[in-house]
Amino acid sequence: MLRRFISYYKPHKRLFFIDMFFALLISISDLVFPVFTRKMINEIIPEGRMDLLVRWTIIMTILFVLRYISNYIVSYWGHLLGVRIEHDMRRDIFTHLQSLPFSYYDNNKTGHIMSRIVNDLRDITELAHHGPEDLFISLVMLLGSFIVLIRIEWKLTLVLFSAIPIIIWFVISKRNRMSNSFREVRKKIANVNSQLENSISGVRVAKSFTNEDYEIEKFNEGNLSFSNARKESYKVMAEFASGIGIMSSILNLLVISLGGYFVYKDIINIGDLFSFTLYVNFFMQPIRRLSEFSQQLQDGMTGFERFVEIMDIEPDIIDRENAMELKDVKGDIEFNNVSFSYNNGKNTILSNMNLSIDAGKTVALVGPSGAGKTTLCHLIPRFYEIEEGEILLDNIDIRDIKIKDLRKKIGLVQQDVFLFTGTIRDNIIYGDPEARDEDVIEAAKKASIHDFIISLPEGYDTFIGEKGVKLSGGQNKGFQLQDYF
C-alpha cells in the first residue's frame, strides 16, 4: 500500500526534492538559534564583546530571512505537490471508473462512488505534503538536538531522550483506534452523499407526493450517524493530543528541575540551562510533528485504501488478445443459444435464446416489464457479458471485436433519456465532438426539432440545465441525438 502511494511522487520528484531541501534549511535555522543564545549568555555578554554581538545578530537575521523564504516555499510549493498528487489520483480513479462495466454501477450507489472520488482523496493533499516533510524535519531535529545537547551535558540529554520510547509506545497504542474511527467516518459520509444525491435527483417526485418530511427524516438519520462517527473520531484525537500535551509539560518540568539541580551543583551554567530549555521546545516540535504525521497518515491512508479498493477492481469485460477492428458494417445480428443472468446466476434473464435480425429490418421486442428487452439490447454492445452461447455481428462473434469499435458502430437510445449539463449543441454532438454545424442542423431536422431550436433566444447555444431541466418533458424527449453521429 505504501509503495503504491510513494509511486505517485515520481512524476513530481523535482518538486518533492525542492520541498525537502527548504525543509532542511528550516530545521538547520531552528537548531542554530539555541546555540547562538547559549554563546550570547555564556561568552559574548559577560565579556562585553559588542563586535561579536553585532556580527552574530547580523548572521541570525540573515538566517531568519532565509527561514522566512524557506517557510514560504515549503508552505506553497509543498501544498502544491500534494494538490498535484491528489489530482493524479482523482484522474486515475475517474479513468478507471470509465472502464468498469454496468454491473459495477448496478451494485454501487452514485453517492458512494462520488465520496470515493472527492472526500476520500481530500486528505491525500495534506498527507502527500506534510507526511514526508514532517518525518524528515523530525528526524533532522531529533538527531541535531541530540548531538548539540549531549555535548553540553550528556546525563540531562539521556534523561530527556529516554522519553522517546514512551512517546512512541503511546502513538502506536492509539494508531488502530484512530484508523478505525477515520474509516468509519468515511463510510458514514459516503452514506450521507448517497442519500443527498438520491433526494436531490428525486426532489420533483418528493414534492409531487408531498414527501418532504419523509426525505428530511431519512437524511437526518444518515446525518446523525455521520455526526456520531465524527464524534468518536474527535474523542480519539483528543485523547491523542492531550496525551502528547501532558508529556511535553512533564519534559519541560523535568528539564527545569533537573537542570536547576545541575546548576546548583555547578555541573552546568545558566546559559547551558537556558539553551536546554529552548531545545526542549525544539525537541517537542518533532514529537508534535510525528504525532500530527501519525494522525495524517491514518486519515490519508484510510482514504487511499478506499481509493485502492476501486483501482484494484478489474474490468470483467475486456478485449480479447487478438480482437479485430470493425470497419465496414452490414448490420446482421444473430443470437445463438444465448443465456444471461444477473448476480452470478441468481436472476436468470435469458436462457438459450435464439434470434436473427437481418440488416435494414426493424424489429420490435414486446413483453412485460422485466422480461429482458432492455437487457437484450445491452448485450449487443457488451455492456454485460453473456454466460453461454454467442452473439454475432455480420457472422463475427462480438467478443472478437474491439469493444470501442463495436460500440462506435451502435446507436442506442436509452429508455430513460439523459441530457448532459450544457447547451443543445453540446448534447447533439456528444457522439462526435468534431461534428460540423451543418451536421448538427441536419441531425436536428431529422429529429424534427430544428424549428423548435431556432425559435429559442439562443438557438443551438441554449443552456438546458442539469439533465435538461430547463426543457419541458416533451422537449426533453426530443434531444436524444447523441447517437446520430
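Mentor: Welcome! Let's start with a kink of about 45° in α2, centred on M40; the bend at a residue is the angle between axes fitted to the seven residues ending there and the seven starting there. This is a predicted model, where local features need pLDDT of at least 70, side-chain atom pairs count only at pLDDT 80 or more, and totals for chains, interfaces and linings use all residues. Residues are numbered from 1 along each chain as its sequence is written, and side-chain values use heavy atoms, leaving out hydrogens and water.

Trainee: Which residue follows α2?

Mentor: G48, with a positive phi near 65°.

Trainee: Is P101 buried or exposed?

Mentor: Buried means under 20% relative accessible area, exposed over 50%, and partly exposed in between (1.4 Å probe, protein chains only). P101 has 12% relative accessibility, so P101 counts as buried. P101 lies in the loop between α3 (50–99) and α4 (102–107).

Trainee: Which residues is P101 in contact with, leaving aside neighbours within four places in sequence?

Mentor: Contact means heavy atoms within 4.5 Å. P101 contacts P315, D316, I317 and F383.

Trainee: And how exposed is L66?

Mentor: L66, in helix α3, is partly exposed, at 44% relative accessible area.

Key. Helix = DSSP H or I, 4+ residues; strand = E, 2+ residues; numbered from the N terminus.
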